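Trainee: Hey, can we look at this one together? I'd like to ask a few quick things.
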Number of protein chains: 2
Amino acid sequence: MSLPFSLIEAIVGRENFLKSPEELHCYSFDASRMRSVPEGVAFPADAAQISALVKLANTHRFAVYPRGAASGMVGACLPRGGLTIVTNRLNRIVEIDGDNMTATVEPGVITGEFQKAVAQYGLFYPPDPASLAFSTLGGNVAMCSGGPRAVKYGVTRDYLLGLEMVLPTGEIIRTGTRTMKGVVGYDMTRLMVGSEGTLGIFTSILVRLIPAPQSVRTLTAAFPTLESSVEAICAILKARIIPSTIELMDQATLCAVENHLHIGLPVEAEAMVLLEVDGPEIVLEGEAARVEEVCRAAGATRTEAARSEEERSRLWQARRSISPALGRIRPGKLNEDVTVPRTRIPELVRSIRTLAKKHDLTIVCFGHAGDGNIHTNIMFDTQDEGERRRAAKAVEELFGIVLALQGTISGEHGVGIAKSPFIEQEVGKEGLEAMRRIKKALDPLNIMNPGKMFVPDRTFLDG
Amino acid sequence: MSLPFSLIEAIVGRENFLKSPEELHCYSFDASRMRSVPEGVAFPADAAQISALVKLANTHRFAVYPRGAASGMVGACLPRGGLTIVTNRLNRIVEIDGDNMTATVEPGVITGEFQKAVAQYGLFYPPDPASLAFSTLGGNVAMCSGGPRAVKYGVTRDYLLGLEMVLPTGEIIRTGTRTMKGVVGYDMTRLMVGSEGTLGIFTSILVRLIPAPQSVRTLTAAFPTLESSVEAICAILKARIIPSTIELMDQATLCAVENHLHIGLPVEAEAMVLLEVDGPEIVLEGEAARVEEVCRAAGATRTEAARSEEERSRLWQARRSISPALGRIRPGKLNEDVTVPRTRIPELVRSIRTLAKKHDLTIVCFGHAGDGNIHTNIMFDTQDEGERRRAAKAVEELFGIVLALQGTISGEHGVGIAKSPFIEQEVGKEGLEAMRRIKKALDPLNIMNPGKMFVPDRTFLDG
């Protein structure tokens, strides 16, 4: 059915509602390659307006699609008709409590700006998704965003203490506590992290903060074999050093970046690892030296340590240039954020090489090796129908490989539309049914972000 | 209805089923003061048997009550007739994976024994509930156990990666991933932590481990005022030092322990704080000195640092002797694990003093000040009906005070039966209704641990 335009405008104001085709078009995509147009886009001012919109959706039976900065990779915020609810007007940092090391923010606050704000208190909010310059904290909570620092600091889930939210039936509830400890009732807060906009719209977010690390050291190490790189990573952790970042680039990635930049990367190496350690200055010198030593003992042929911010930036250059470098290989890519126990990384990357040969595709692997989160980029020519099909087939086989290695098909991007055909493979029929029952209990009319996660709707994928 | 004894015996074997009154009596209590007798007690061997028992419960409509070591404080495992299912035969440490720093355990493994086992790998499982010498990991997950180390290391929730479990409808599902990152579907793992046996029976538990800290330093500081002790705690955290333990004893506690032990405790102080820092040896000397300095700057009148394991043990003596010392004041106590943001601790303790005067009771406060978790012990004579009633009234008022201070009525004990009359005060009517809907979705016949958490059943309390 079509939206009750005037009732929606009565809630948010005419100036906060879009309905013209040109305007709606702007809200038809996210960072996936899928598109779908809403019937209307509302920009509510607060929890009360969101609650009123959701209640209206229940009485008039239209779907609502929560949307933050739309930087998601799996189409989780894409509408299918219905009403898109954008939370970017709720963008205040309500409180930073330095003594209790907590902060209360609204969902539209930009992740990176929040990090800068807490830094002024000597505090640190670690989750660092690649999109942090424009992603919102509401979106980060909805997707349980990760990032390179997860190996030491964990993901969004690990910093969330509580929420104010609008349930799919329109009630406003508060969950969680202002303290690390709190065991009163079910953990609704953590049920909501990663619920991808299907169980509620967040209107206030309470997070914990930690003291900012005093200093950081960066180094790179090139390894002749994948196995030796992973051996080094395990040995570093065993030496009680938890680097804040352990990024791995496989040979295909190194070659792609070197072809792009010509900066003398070790293209003969099977893997290059970029490591950072952070903490008190007094331990860093020793830790950095020990990391280098462990890498060499594991067979690293070349190590480089940054002695200045400028050198650090140079060491990061290769890692940061991967995306533009890949664009030169093929215009299209399927970027899968598969994750395996870190000791299984060599098996994963070797299986992926075999997969690439089998389907005559270029596949490059890089990512957060410390937590086994390997971004697998299957390159294809968007104009070449055969290559597209082979890439899609390779993804399906990749997921089978990952699950056989006791991994997960998504470490940080989520399910949304892109991975909904595959979720049952990972969580099982009964597991999926339990999730569906929770969805139905909280959203009996299936009003909130329908067609996602549990519904393998391939029509989007071909869109 | 009465239990189908022979069908239960057919599942677990006659030797693993108890039904005589004498035997049942042994399973009628936990660490709360409440009692209630089951109709039968089964000791299943594995997930398949638990699944069969739960399916039988659904077809024959009897209640099942999961039970670990029964060390819980709120009656969460107490039966009301029905079948108690004890998980202590599932007691294997299935795997400790040193390279990936994970472990798979069965629910009946004793927390302390598991910690010793991982220590042999140089690894560390931080959650340290006071009952760790006999509590089980299954119970810890069900209750989301905390402990003194939470201020630095978090609680059970923060170490849980995945579960194998039997749903209230009998299906066996697997949740979570072997990796820090994993965002496929709802976070069923964290929904289950702290669900108090109402949403499932765990049959396998996957946890992450961290490297064991190299060393530890212990010190105590006595403060003339509560405010100065909390000021010191905030200043230590601001100095980027996160102690692994910050235990506070208020004046009433100090007096009680001193009367018991006569070891020269500073009874004139309003608060004594016991602090531990752990980590690399190279930073500890400096950190311990800095902690002492900060305490003195905040007004500490007396500080003591342990230079040996023997001295450390001496410093812990007062903290460890609180329970026996309290027993000398009054035979009965209501031990409430309320938690407030740490800056509100002085207000909390002062309000509690007023409360004690008002109701003519002795109330002693001690506990985990770093995370604001203050164990509030309302002492009473079990034979004195008037004192009992006044104590119960004081608890109700205490919860009001705590919620007004933006705290939670339970930081680590949970709701169970003891706190079920008060849960709505904290989570709100709509919040509670959302939890009830989840319970109903996963347990439509209300088979699993009924009468707990959401059901303010005062008949238990008077039992």
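Trainee: What's the bridge partner of R217(B) in β14(B)?
Mentor: V277(B) is the bridge partner of R217(B) there. This is a predicted model, where local features need pLDDT of at least 70, side-chain atom pairs count only at pLDDT 80 or more, and totals for chains, interfaces and linings use all residues. Residues are numbered from 1 along each chain as its sequence is written, chains are lettered from A and ligands numbered from 1 in the order in which they are written, and side-chain values use heavy atoms, with hydrogens and water left out.
Trainee: Okay, and how many bridges join β12(B) and β14?
Mentor: There are 9, and the two strands run antiparallel. Strands are DSSP runs of E with at least two residues, numbered from the N terminus, and two of them pair if DSSP finds at least two bridges between them.
Trainee: What about β12(B) and β15?
Mentor: They're antiparallel too, over 4 bridges, with L219(B) opposite A305(B).
Trainee: How many residues of β12 in chain B are buried?
Mentor: 8 of its 9; buried means under 20% relative accessible area, with a 1.4 Å probe and protein chains only.
Trainee: New topic: how are the rings of Y125(B) and Y159(B) arranged?
Mentor: Edge-to-face, 6.0 Å centre to centre with 75° between the planes. Ring centres within 6.5 Å make a pair, and planes over 60 degrees apart count as edge-to-face.
Trainee: Why does that pair tie together separate parts of chain B?
Mentor: Y125(B) and Y159(B) lie in two loops, so the pair links parts 34 residues apart in sequence. Y125(B) is buried at 1%, and Y159(B) is buried at 2%.

Methods
Rings of Phe, Tyr and Trp (its six-membered ring) pair if their centres lie within 6.5 Å; planes under 30 degrees apart count as stacked, over 60 as edge-to-face and the rest as tilted. Buried means under 20% relative accessible area, exposed over 50%, partly exposed in between (1.4 Å probe, protein chains only).
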